[in-house]
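Student: I would like to learn how to read a structure such as this one. Can we go through it feature by feature?

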Protein chains: 2
Amino acid sequence: MKKIVKHDQDVIRQHNKQMILDIIKEKRPISRAEITKITKLSPTSVGRIVGELCEQGLVRETELSSGGVGRKAIMLDIDPQAVFSIGVDIGKKIVRFGVMEFSGKLLYELPVGHTAIETEADRTIDLIADTINRLVKEQGLDRSKLIGIGIGVPGVIDHERGVVQYSSTLGWRNVPLAAQIKERTGIDTVTDNDLKVKILAEYLCGSARGSKKTALIELGTGVGSSLIIDGEIFRGGSNSAGELGHTTLDPNGNLCECGKRGCLQTYIDESAILHEANRIVEIGDIGQLFEAARSDESWAKEIISRTSLYIGIAINNIVCMYNPDAVILSGNMVENYSDIVSLIEEQCAQVVWEPFRGGFKILASDLKERSIVIGAASLVLNNYVNQS
Amino acid sequence: MKKIVKHDQDVIRQHNKQMILDIIKEKRPISRAEITKITKLSPTSVGRIVGELCEQGLVRETELSSGGVGRKAIMLDIDPQAVFSIGVDIGKKIVRFGVMEFSGKLLYELPVGHTAIETEADRTIDLIADTINRLVKEQGLDRSKLIGIGIGVPGVIDHERGVVQYSSTLGWRNVPLAAQIKERTGIDTVTDNDLKVKILAEYLCGSARGSKKTALIELGTGVGSSLIIDGEIFRGGSNSAGELGHTTLDPNGNLCECGKRGCLQTYIDESAILHEANRIVEIGDIGQLFEAARSDESWAKEIISRTSLYIGIAINNIVCMYNPDAVILSGNMVENYSDIVSLIEEQCAQVVWEPFRGGFKILASDLKERSIVIGAASLVLNNYVNQS
């Protein structure tokens with residue numbers, strides 16, 4: 001039995017409000033009549049919702065001629081600086097911060113080095129809280145307009161309670177991150193899985209704009225994925241759908257950091273590739289591998305070829321399970337060494353199940369290393385509009 | 001931008017109607033007041049919706065004492081035979097038919113042998129249409145109450161247009177099945193992927209009742225999967241999510257019927273298992289393999305052990321991608337040779353990614369070989385209520 005209860009009426013109202021706000025953001029300035037035309041809502045509903053948005057200070061009226069002859073129409077625009085949010089991306093070696101204004105524009109960005117895996121979670125939490133407190137002060141941000149902090153974290157995240165249940169990248173277990181950051185900054189905080197906010201960012205303002213069902217594969221220090229369907233993040237039963245890196249290819253394969261053998265990430269994450277290369281030549285990063293391949297060194301070409309084969313397999317497997325209309329490839333390797341993308345596409349022509357070939361696009365991430373900060377900050381702005 | 005437009009109001013109304021109908025079906029007989037209490041809808045809304053259902057002839061009033069002292073309350077009950085639907089399950093060797101009354105009860109079942117792969121699609125379509133026409137006549141079904149036929153088909157199905165785009169099991173490509181059955185029977189027909197209607201059946205009246213996010217793995221002539229989230233079938237971009245059998249484990253593995261190498265189903269579908277067994281001892285079916293294992297023959301025990309390992313991997317991979325709270329195992333092998341289930345559970349303790357262990361249940365299919373017929377017939381009943 002579908003559990004549809006009365007409060008769905010509220011959900012619809014919130015969705016309509018979000019929709020109108022998105023239209024104003026996109027077409028600014030725009031008249032009430034045009035919004036009515038686009039949304040097919042009644043003029044009364046549009047008027048009521050616009051009234052609410054004006055009262056909240058998110059939208060304001062501006063008097064402008066609307067093109068043709070005749071009297072001037074009252075146009076609507078957002079107040080781009082009505083409110084702000086802060087996005088945080090906790091990576092393995094860098095914590096990125098960003099301040100986003102209500103329009104969705106990132107005003108300020110700050111990467112800070114850290115060494116999560118070698119220190120206690122508390123040290124990273126201190127670093128984040130201190131940086132935010134400093135940033136608010138230095139940038140002269142109006143705390144009354146600062147509506148929240150959003151944090152993207154690699155791992156299994158209970159986004160409802162704001163707890164990092166498990167992060168192998170950071171070496172964390174059961175860290176009540178959102179509560180601790182709120183305690184030390186006084187600012188409401190939400191946290192979510194990094195790839196879930198990343199796909200949200202690509203959907204809102206990146207390469208997934210206009211796609212209805214987009215999957216994202218992250219290739220980096222680990223391998224993960226996420227999916228967004230008609231603007232809704234696909235979460236699974238406990239917000240942990242998309243653990244592509246720990247799907248098993250070979251029960252006798254290489255040992256993964258998780259304790260299992262033959263996880264997909266042991267074929268294509270950066271440490272696996274470097275480990276493979278270092279059997280032959282000592283190199284410190286992926287860049288040297290691609291350099292060697294460009295110098296026609298056969299060991300490097302072989303490793304890149306094998307990597308692209310297994311990335312092709314990862315694409316096949318995600319397409320078989322999710323049947324998306326687009327797959328975004330993101331992460332250091334595909335973003336900075338684009339030589340590999342055409343090799344991956346060649347492999348896909350072989351290793352993708354035939355009925356799916358041609359049925360989806362392979363896209364690069366538009367937002368690259370800024371995507372998690374943007375997604376995390378957007379999450380806060382979206383929540384604010386929906387809760388108000 | 002979320003595409004939420006005005007017609008969502010209708011969606012809510014339909015959901016509420018479906019919810020009330022489901023409650024009446026479950027608690028029959030029940031009073032309006034009790035429905036109001038359960039749904040938290042306003043008495044006015046409940047009254048209006050119940051009125052609609054009565055007008056459609058789906059629900060009727062019955063006068064009954066409601067337990068305690070005092071005046072008799074007017075109770076509501078469904079009319080179990082208000083309408084009927086026919087469910088059809090096209091398998092590789094058997095086409096199953098079932099007549100379902102409005103209460104969800106299967107009144108009549110009929111399996112008919114066929115040999116899809118050796119004949120034209122037209123022959124199977126003739127068989128289905130002729131059988132339904134005969135069945136309607138012989139069973140004396142009232143055509144005015146027969147609201148539709150639902151057909152579950154293995155393969156890639158365009159459920160919106162009623163077209164079988166690709167079915168390797170049946171050897172079909174681009175067969176406009178729904179239109180052809182409607183033409184030959186005069187009865188509205190819908191068609192959908194067999195595992196998608198199967199999980200619907202398990203959700204409505206089988207082992208997935210009460211689960212919020214249930215995945216199903218089918219192990220049979222091929223391997224497939226499906227997912228239902230809060231009562232909604234997970235479809236992906238073109239209704240083809242869940243092609244677990246064609247996810248790749250090993251690019252150098254055995255050749256699959258799809259033309260790729262190392263597809264998951266080449267490890268665990270029945271033909272793969274029989275092929276493996278026949279290297280050692282000539283056997284004709286899975287039953288002989290399990291018999292040999294019970295007689296302690298080591299080749300048989302080894303094959304069953306390896307199969308349970310790879311089924312464990314299939315479970316890990318679906319749990320990683322979908323993060324369900326339950327996984328239903330279905331198909332001949334797990335349903336008829338339950339010896340293997342405890343072996344699979346043992347393997348899961350090793351091969352499932354650690355953060356997911358204990359986070360989901362492994363269930364057997366309750367409805368077994370009747371599940372597709374039930375799901376297909378239910379699809380028609382659900383559509384009818386929603387469209388009326």
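Student: Which residue in E5(A) is the bridge partner of Ser85(A)?

Tutor: Strands of a sheet pair through backbone hydrogen bonds, either parallel or antiparallel. In this predicted model, Ser85(A) has Met100(A) in E5(A) as its bridge partner. The two strands concerned, E4(A) and E5 (residues 94-101) of chain A, run antiparallel and are joined by seven bridges. A hairpin of three residues leads from E4(A) to E5(A).

Student: Which strand pairs with E4(A) in the parallel sense?

Tutor: That is strand E7 (residues 146-153) of chain A, with six bridges to E4(A).

Student: Which way do the side chains of E4(A) point?

Tutor: In a regular strand the side chains alternate between the two faces of the sheet. In E4(A), Phe84(A), Ile86(A), Val88(A) and Ile90(A) point one way, while Ser85(A), Gly87(A) and Asp89(A) point the other way.

Student: Are the residues of E4(A) buried or exposed?

Tutor: Buried here means under 20% relative accessible area. Seven of the seven residues of strand E4 (residues 84-90) of chain A are buried, so the strand is largely enclosed by the rest of the structure.

Student: How many residues lie between E9(A) and E10(A) in their hairpin?

Tutor: There are four residues between them, and Gly171(A) in the turn has a positive phi of about 75°. Strand E9 (residues 163-167) and strand E10 (residues 172-175) of chain A are antiparallel, with three bridges joining them. In this pairing, Val164(A) has Val175(A) in E10(A) as its bridge partner.

Student: What is the order of the strands in the open sheet of five strands in chain A?

Tutor: The order is E14-E13-E12-E15-E16 (chain A), and the pairing is mixed. Strand E14 (232-233) and strand E16 (361-364) of chain A are the edge strands, each pairing on one side only. At one end, strand E13 (residues 223-229) of chain A is joined to E14(A) by two bridges, and these strands run antiparallel. Here Ile229(A) stands opposite Glu232(A) in E14(A).

Student: Which helix lies across E12, E13, E15 and E16 of chain A?

Tutor: Helix H10 (residues 298-322) of chain A does, and it runs at about 150° to E12(A).

Student: How do I describe two helices that pack together?

Tutor: Two packed helices are described by the angle between their axes and the distance between the axes. For helix H9 (residues 286-294) of chain A and H10(A), the axes come within 7 Å and cross at roughly 115°. The crossing of H9(A) past H10(A) is left-handed. On the H9(A) side, Leu289(A), Phe290(A), Ala292(A) and Ala293(A) meet residues of H10(A), including Trp299(A) and Ile303(A).

Student: Is Met333(B) buried or exposed?

Tutor: Met333(B) has a relative accessible area of 1%, so it counts as buried. This residue lies in helix H11 (residues 332-336) of chain B. Leaving aside neighbours within four places in sequence, Met333(B) is in contact with several residues, among them Leu219(B), Phe290(B) and Thr307(B).

Student: Where does Thr307(B) lie?

Tutor: Thr307(B) lies in helix H10 of chain B. It is buried, with a relative accessible area of 3%. Beyond its neighbours within four places in sequence, Thr307(B) has contacts with Ile268(B), Ile273(B), Met333(B) and Ile340(B).

Student: Which residues of H8(B) are buried?

Tutor: In helix H8 (residues 270-277) of chain B they are Glu270(B), Ala272(B), Ile273(B), Leu274(B) and Ala277(B). These buried residues pack against helix H7 (265-268), helix H9 (286-294), helix H10 (298-322) and H11 of chain B.

Student: How do I relate one chain to the other?

Tutor: Two copies of a chain are related by a rotation about an axis and a shift along it. Chain A can be laid on chain B by a turn of 180° and a shift of 0.0 Å along the axis, with an RMSD of 0.0 Å. That is the relation of a two-fold axis. The same surface serves both copies, as 100% of the contact residues of chain A recur in chain B.

Student: Which residue of chain A comes closest to the rotation axis?

Tutor: Leu249(A) does, with its C-alpha at 2.2 Å.

Student: Where in chain A is the pLDDT below 50?

Tutor: Where pLDDT is low, the predicted coordinates should not be read in detail. Chain A averages a pLDDT of 91, and 94% of its residues score at least 70. Over residues 1-7 of chain A, however, the pLDDT is below 50.

Key:
Residues are numbered from 1 along each chain as its sequence is written. Chains are lettered from A and ligands numbered from 1 in the order in which they are written. This is a predicted model: local features need pLDDT of at least 70, side-chain atom pairs count only at pLDDT 80 or more; totals for chains, interfaces and linings use all residues. Side-chain values use heavy atoms; hydrogens and water are left out. Copies are superposed by least squares on the C-alpha atoms of residues with pLDDT of at least 70 in both. Contact means heavy atoms within 4.5 Å. Buried means under 20% relative accessible area, exposed over 50%, partly exposed in between (1.4 Å probe, protein chains only). Two strands pair if DSSP finds at least two bridges between them. Axes are lines fitted to C-alpha atoms, for helices over the stretch in contact, and angles run from 0 to 180 degrees between N-to-C directions. pLDDT is the predictor's confidence in each residue, from 0 to 100. A crossing is left-handed if the near helix is turned anticlockwise from the far one by less than a right angle, and right-handed if clockwise.
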